[in-house]
Amino acid sequence: TGPGRLVPFQAAYVGGWTSNEPEVPRVQVRTLAFGPSTPWEEPEDAAPAPVADLGATDIRRLTDSIIDAATLADLPVPRRPWLPELAAAYDLAALPTRRTDTELVFGVGDNPDAQQQPVVSFNPDRDGSMVVYGTGGSGKSTFLRSMAIAAGLTARGGPCEVFAVDFGARGLAALESLPHVGSVISGEDDERIERLIRRLRNVIDDRARRYAAVNAGTITEYRTLANSPLEARILLLVDNLGAFRQAYETGGRQAVFDSFQTLAVDGRQVGVHVVVSADRPGAVPSALASSLQRRLVLRLANETDDAILGVPKDLFDQESPAGRGFIDNWEVQVAVLGGTSNVAEQAVAIEELAESMRRAGRSTTPPISRLPERVLLDDLPDQVDSRPILGVEGATLEAIGFPDTGCFLIGGPPRSGRTTTVASMLSALRRRRPDTTLAYFGHGRSPLVTTTAWAFSALDVDAACETAKELTQALTSGRFDGAGGAGPRLVVVIESPADWQSTAADGPLTDLVKAVRLHGQFVIAEGETGTMSASYGLLQQLKADRTGLALQPDQMDGDTLFRTSFPRLNRAAFPQGRGLLVQDGAMARVQVALASPLRGTR
């Protein structure tokens with residue numbers, strides 16, 4: 001009570017019962033003798049004493065009396081000085097929003113200072129790009145799904161297109177049924193990831209010129225100034241940035257990751273925005289982190305990461321629901337479509353939303369197409385940039401040609417499509433120059449022997465020596481014109497060149513290849529990659545131009561065949577007839593076009 005003496009006291013206990021009736025005393029009987037007394041025990045079969053009904057406890061009676069007094073005095077109910085805690089789940093479709101692409105609502109926040117629980121949103125024109133941090137099971141994929149769904153609920157202003165790259169556990173796959181979602185690409189699909197990044201980079205470059213022409217600083221301003229209300233905002237979602245970074249930050253794919261980082265830097269002004277998830281702060285490179293202006297933190301694996309990201313260490317515990325996070329110094333709960341944490345039920349709700357959007361006439365976002373596994377040569381033009389057609393390029397999905405002078409080396413494992421590729425190239429050459437003279441050096445078991453009309457054919461060492469010398473003499477005498485001439489052209493095909501080395505035919509074939517290169521003619525050589533590691537004699541000449549095709553390649557095949565480093569590759573992503581076309585150190589993914597069917601492939 002102050003600086004005086006301490007006064008002992010006994011706190012009153014209001015959890016018991018008090019009564020005006022005196023308590024019935026308890027009677028005990030003991031036998032008294034010398035020594036300790038012996039208490040009398042009640043018989044075991046004695047009936048228990050009836051339990052008296054003591055009525056309400058003192059605290060209950062006191063509470064009732066206060067309520068009765070407040071009612072008699074007509075006192076108003078006092079305001080509770082705090083709001084209830086955030087719910088474990090909210091229905092995204094039920095949250096108040098303006099339904100425009102300038103405000104993508106994704107959850108409910110708790111602002112205790114203002115005694116409010118407002119909705120929380122991502123404002124693309126202001127925020128640019130965004131990152132969500134969280135450990136496994138914290139709700140990162142749930143947040144990305146909610147962001148994609150919010151981008152489709154923009155009926156009152158601005159279309160929004162969504163693309164997603166999923167390096168996680170396929171938590172975004174359900175989004176692909178939504179019409180405004182172009183594609184959800186698996187992290188293993190290198191081809192489409194590269195094509196997506198390239199497309200978005202081209203979109204930014206194109207929009208930068210158009211927006212500057214009308215002095216627009218955001219897509220919202222451009223829609224007004226250019227009278228183009230249907231200009232679509234684009235949202236790129238990346239689940240598990242750490243895995244994306246590990247796969248693409250180094251090696252031959254570094255250019256893809258560098259382009260991805262520029263999307264976050266340059267995209268805000270032209271309506272291209274990046275939203276990524278990461279499991280820890282270190283998963284986001286510093287160059288990219290500075291461009292991710294908005295940050296949502298879910299439950300992390302350790303308190304150190306919480307401290308780095310400025311999260312109160314007592315905010316999360318093991319009972320925190322998925323989607324509970326921290327943003328702008330607020331606690332927030334990410335909302336989900338349907339208001340349930342069950343992923344299967346969310347998928348059903350997403351499918352129902354997709355159906356309703358299609359009924360409402362929502363336009364469909366063009367997907368990121370996949371390089372086809374079967375391309376017919378007859379469906380392609382005769383030439384591209386004055387070159388005969390090889391197939392379809394992965395970057396543009398358009399026809400690509402091959403150089404028809406010098407040496408073209410084809411390597412690959414068994415049944416990768418080497419023989420079929422040679423047949424297709426010969427058909428493409430004949431389409432442009434029907435008078436092309438064809439010479440073959442190989443083995444009688446090859447399907448090419450019986451499916452192609454050869455002017456010269458050598459199936460053994462003696463025939464190879466004689467034919468090679470004859471063709472070398474014909475080239476030296478000027479019998480065949482160069483690539484630009486009007487006279488006959490010579491195309492030489494050498495199968496399994498390693499088999500000709502260390503034989504009597506090695507020297508004549510090497511001289512023939514030199515003559516072909518000197519006089520502007522064309523050599524096609526094909527063989528199993530593992531047999532063509534040598535760098536002398538015939539193979540040295542065939543590799544000299546560093547031009548050719550590696551079918552179903554491995555990472556080391558580039559150095560073996562073309563002295564060109566290949567990136568890390570997944571051979572399973574290369575079906576038969578697909579490979580990397582190498583020209584002067586540059587490479588392109590290609591699906592070889594099929595000519596007339598062969599009776600077998602090797």
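A residue is called buried when its relative accessible area is under 20%, and exposed when that area is over 50%. The model discussed here is a predicted one. Phenylalanine 244, at 2% relative accessibility, falls under the cut-off and therefore counts as buried. Phenylalanine 167, with a relative accessible area of 14%, is buried as well.

A search of the whole structure returns 12 aromatic pairs. In one of them, the ring centres of phenylalanine 167 and phenylalanine 244 are 5.1 Å apart and the ring planes meet at 25°, so the pair is stacked. Phenylalanine 167 belongs to the loop between E6 and E7, whereas phenylalanine 244 belongs to helix H6, so the pair ties together parts that are 77 residues apart in sequence. Phenylalanine 244 also forms an aromatic pair with phenylalanine 257, and this one is edge-to-face, with 5.4 Å from centre to centre and 75° between the planes. Here helix H6 contributes phenylalanine 244 and helix H7 contributes phenylalanine 257, so the pair ties together parts that are 13 residues apart in sequence. Both phenylalanine 244 and phenylalanine 257 are buried. One aromatic cluster is formed by Phe167, Phe244, Tyr248, Phe257 and Phe260.

Phenylalanine 257 leads on to helix H7. This helix covers residues 254–266, has 13 residues, and reaches 18 Å from its first C-alpha to its last, close to the 18 Å expected at 1.5 Å a residue. Its buried residues are Val256, Phe257, Phe260, Gln261, Leu263 and Ala264. Viewed down the axis of H7, these buried residues fall within an arc of 140°, so they line one face of the helix.

Helix H4 contains aspartate 190. At 7% relative accessibility, aspartate 190 counts as buried. Apart from its neighbours within four places in sequence, aspartate 190 is in contact with Tyr248, Arg253 and Arg589. Of these, Tyr248 is also a member of the aromatic cluster.

Strands E8 and E9 belong to an open sheet of 10 strands, which has mixed pairing and the order E4-E3-E12-E11-E10-E5-E9-E8-E6-E7. Its edge strands are E4 (119–122) and E7 (181–186), each of which pairs on one side only. From one strand to the next, the twist averages 25°.

Within this sheet, strand E10 (residues 294–298) has 4 of its 5 residues buried, so it is largely enclosed by the rest of the structure. On one side, strand E5 (residues 130–133) runs parallel to E10 and is joined to it by 4 bridges. There, valine 132 has leucine 296 in E10 as its bridge partner. E10 also pairs with strand E11 (residues 324–327), in the antiparallel sense and over 2 bridges. In that pairing, valine 297 stands opposite phenylalanine 326 in E11. Helix H3 (residues 140–152) lies across several strands, among them E5, E10 and E12 (330–334), and runs at about 165° to E8.

A further set of strands involves E22 (residues 578–583), which is mostly covered, with 5 of its 6 residues buried. Strand E21 (residues 547–551) pairs with E22 in the antiparallel sense over 5 bridges, and leucine 551 stands opposite glycine 579 in E22. E22 is also joined to strand E23 (residues 586–592), with 6 bridges and an antiparallel course. Leucine 580 has arginine 589 in E23 as its bridge partner. The hairpin of E22 and E23 has 2 residues between the strands, and aspartate 584 takes a positive phi near 55° in this hairpin.

How values were computed
Residues are numbered from 1 along each chain as its sequence is written. This is a predicted model: local features need pLDDT of at least 70, side-chain atom pairs count only at pLDDT 80 or more; totals for chains, interfaces and linings use all residues. Side-chain values use heavy atoms; hydrogens and water are left out. Buried means under 20% relative accessible area, exposed over 50%, partly exposed in between (1.4 Å probe, protein chains only). Two strands pair if DSSP finds at least two bridges between them. Axes are lines fitted to C-alpha atoms, for helices over the stretch in contact, and angles run from 0 to 180 degrees between N-to-C directions. Contact means heavy atoms within 4.5 Å. The expected span of a helix is 1.5 Å times one less than its number of residues. The arc is that of the directions from the helix axis to the C-beta atoms. Rings of Phe, Tyr and Trp (its six-membered ring) pair if their centres lie within 6.5 Å; planes under 30 degrees apart count as stacked, over 60 as edge-to-face and the rest as tilted.
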